[in-house]
Amino acid sequence: MKPFQTLRAVAAPMPMINIDTDIIIPKQFLKTIKRTGLGVNAFNDLRYDENGNENKDFVLNKKPYRNAEILITGKNFGCGSSREHAPWAIKDFGIQCIIASSFADIFYNNSFKNGILPIELPQEQVDTLMKEVQENPDVLIEINLEKQTITRGNKFSLNFDIDPFRKHCLLGGIDDIDLTLEKKNYIDSYENKINTEKPWI
Amino acid sequence: MRTQQTLFEKIWNEHVIHKQDDGTCLIYIDRHLVHEVTSPQAFEGLRMNNRKVHKTKTTLAVADHNVPTTNRTNGILEEDSRIQIETLRANCSEFGVTLFDMDDKRQGIVHIIGPEQGFTLPGMTIVCGDSHTSTHGAFGSLAFGIGTSEVEHVLATQTLIQKPAKNMRITVNGALSTGVSAKDMALAIIREIGTAGGTGHVIEYTGEAVRALSMEGRMTLCNMAIEAGARTGLIAPDQTTFDYIKGRPMAPQGKKFEMAVSYWKTLFSDEDATYDKDIVINADDITPLVTWGTSPEDVIEITGIVPCPDDFDTEEKKASVQRMLDYMGLTSGMHMQEITIDKAFIGSCTNARIEDLREVAKIAQGHKVADNVHALIVPGSGLVKEQAEKEGLDKIFIEAGFDWREPGCSMCLAMNADKLEPEERCASTSNRNFEGRQGRGGRTHLMSPAMAAAAAIRGRLTDVREF
């Protein structure tokens, strides 16, 4: 996995609440057997009309937001299905960081597995950021994971919280399975124990 | 460790293999269910890294999301769907995983076949690359949906890296009234706590009304825990649970069953266990419910009227309500029972078990589906279908004008050929009314099986208590 350390990019405002995984990537695109190539279908039904033409009003079709690498959005982002196609599509579109007042659990977890940084901030800070990028579309927002800061030049600086272990894995681009396989002895002895104590498993 | 533990904490602690200083745990996974949509990239990951499936005998695969529900002798016409199922077949064969293929009568929706086979058992950790894995919590297991990276992690190691969730208890006191089902209970809870109400928590459902539910009803309730934002839902196992499991093909038999039951009987929350959130609901207050919007929290009594944006507190919710009314093609103030439908869908991992079909048959008997409605009944598995036919339910359905289909996920998420056309309106027993969920531009109203059957017959949303 590619490490996430710092990012300086355009941020797109998407002030809707409860953006679900069917909105992020509709089911017809789940038939792929690959992880890549879903960016063109991210937010499909909002982004394109029935004939596949771009909806001019949709934020990610507007300049400069179509080059956004940061998304600022409403609460409970990513609710619904466990489909990892949602973070795959977002990542493939080019977005590497999502800022919201809350995330659905499975989406939040899936983001980290794909090198995307989801940042939870209090609602009033999200509102401030949302207003800032709506009023100043071209401004670049800077994210520093090591320092846990969101800044815009000298104009403002916010701090965010993140689980230390998730931060460590994201900073180093660490693969979970390798980490777990280092604990193979623990797995083996656990399995020996349940074979005796709970033979029905 | 606290001496007084919740059911969730008991199961969690039993499965911790290793704990880091920061509280991150490596937990053991007892059962892994696999389907065609969220597994291809996981198997590909194993192949690229030259890894094997760690424990094939506790992994079970089935094709459900893409399968046709009409005659299967012609195979799958749509190429992408066919490739996805062929890929599952090839992966299971290469890695030695048991697969219930399309021609196997045990094939069906992944969350229906697990319990049906006795693969799902109390006290277990159960995962699947599907959010509705919470269904299995009905057995007092810790069952949750995971993404494809974690599917790969479980295939390779039989473990997951996790932090414990918080505890939430929902007590439903009293008894459900006639015409009110587990589905209404699930919708009432989501209306109460919202679609993010359970975020970060495992919900334990308890109280007289929950205890009184059959295993089918408990599965419906736990199925929709994810719609309340929870990691999962669970219910302490009891005699109802043990009776359901006994004799199922993959369940322990004889002495092993007795040994298992004595362990399962220890799976309850201690009297003084504490919860981060505690909600109490009266079953007597629950009436037949339907959704009017595009989020499962947008729930209203069938006797109610379509709300207006000003009924809500925050600016963001007002904006969201206006958007939903536009999408759903509804006007504030209209009676829910005036809303006419084009389709009815009875099926999904929420409501496609035999008990659900019996409820539908009770309503359908002696009636006809309205002329303006196409009503589908999609059983949850080949065995549910077989049982329904043994009881003669299929004859009642066909006689009443319902379209009786082959098992699969079908129009719950419309990955196969069963879908809504733009602006078509559906009375659906599934779990999500999201925009586009049942087909682009499709309009979904969630409700119980009996309510969906009543709507199919009247051609509009209907109070099932009138039947």
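Helices (H or I, at least four residues) and strands (E, at least two) are DSSP runs, numbered from the N terminus. Counted this way, chain A has eight helices and seven strands. The model is predicted, so local features need pLDDT of at least 70 and side-chain atom pairs count only at pLDDT 80 or more, while totals for chains, interfaces and linings use all residues. Residues are numbered from 1 along each chain as its sequence is written, chains are lettered from A and ligands numbered from 1 in the order in which they are written, and side-chain values use heavy atoms, with hydrogens and water left out.

Start with chain A as a whole. Its C-alpha trace spans about 65 × 45 × 25 Å along its principal axes. Chain A has 201 residues, and 62% of them are buried. Here buried means under 20% relative accessible area, exposed means over 50%, and partly exposed lies in between (1.4 Å probe, protein chains only). Now take contacts, meaning heavy atoms within 4.5 Å. Among contacts in chain A between residues at least 6 apart in sequence, 65% join residues at least 24 apart.

Next, look at where the two chains meet. On the chain A side, 56 residues are in contact with 78 residues of chain B. Together the chains bury about 5,500 Å², with 56% of it on carbon and sulfur atoms. Buried area is the accessible area (1.4 Å probe) that two parts lose on being put together, summed over both.

Several helices of chain A give two or more residues to the side that touches chain B, among them helix 3 (85-93) and helix 7 (176-181). Helix 8 of chain A gives the most, with seven residues. By class, this side of chain A has 20 nonpolar, 14 polar and 22 charged residues. Ala, Val, Leu, Ile, Met, Phe, Trp, Tyr, Cys and Pro count as nonpolar, Asp, Glu, Lys and Arg as charged, and the others, Gly among them, as polar.

Charged residues bring us to salt bridges. Side chains of opposite charge can pair when their charged atoms come close. A salt bridge is a side-chain nitrogen of Lys or Arg within 4 Å of a carboxyl oxygen of Asp or Glu. Over all chains the count comes to 42. Ten salt bridges lie across the interface of chain A and chain B. One pairs B:R51 with A:D175, at 3.9 Å from N to O.

Another salt bridge links A:D22 and B:R437, with the closest N and O atoms 3.2 Å apart. A:D22 sits in helix 1 (residues 21-24) of chain A, and B:R437 in the loop between strand 18 (425-428) and strand 19 (443-446) of chain B, so this pair joins two chains. A:D22 is buried at 4% relative accessibility. B:R437 is buried too, with a relative accessible area of 4%.

Other pairs stay inside chain B. B:R89 and B:D101 meet in a salt bridge of 2.7 Å, N to O. B:R89 lies in helix 3 (residues 79-95) and B:D101 in the loop between strand 5 (98-100) and helix 4 (110-117), so the pair ties together parts that are twelve residues apart in sequence. B:R89 is partly exposed at 35%, whereas B:D101 is buried at 18%. B:D463 and B:R465 form a salt bridge as well, their closest N and O atoms being 2.8 Å apart. Salt bridges that share partners join A:D22, A:R83 and B:R437 into one network.

Finish around B:D101. The C-alpha atoms of B:A63 and B:D101 are separated by 6.4 Å, though the residues are 38 apart along the chain. Is B:A63 buried or exposed? At 1% relative accessibility, B:A63 counts as buried. Residues that B:A63 touches include B:I85, B:L88 and B:F100. In helix 4 of chain B, eight of its eight residues are buried.

Conventions. Lists of a residue's contacts leave out its neighbours within four places in sequence.
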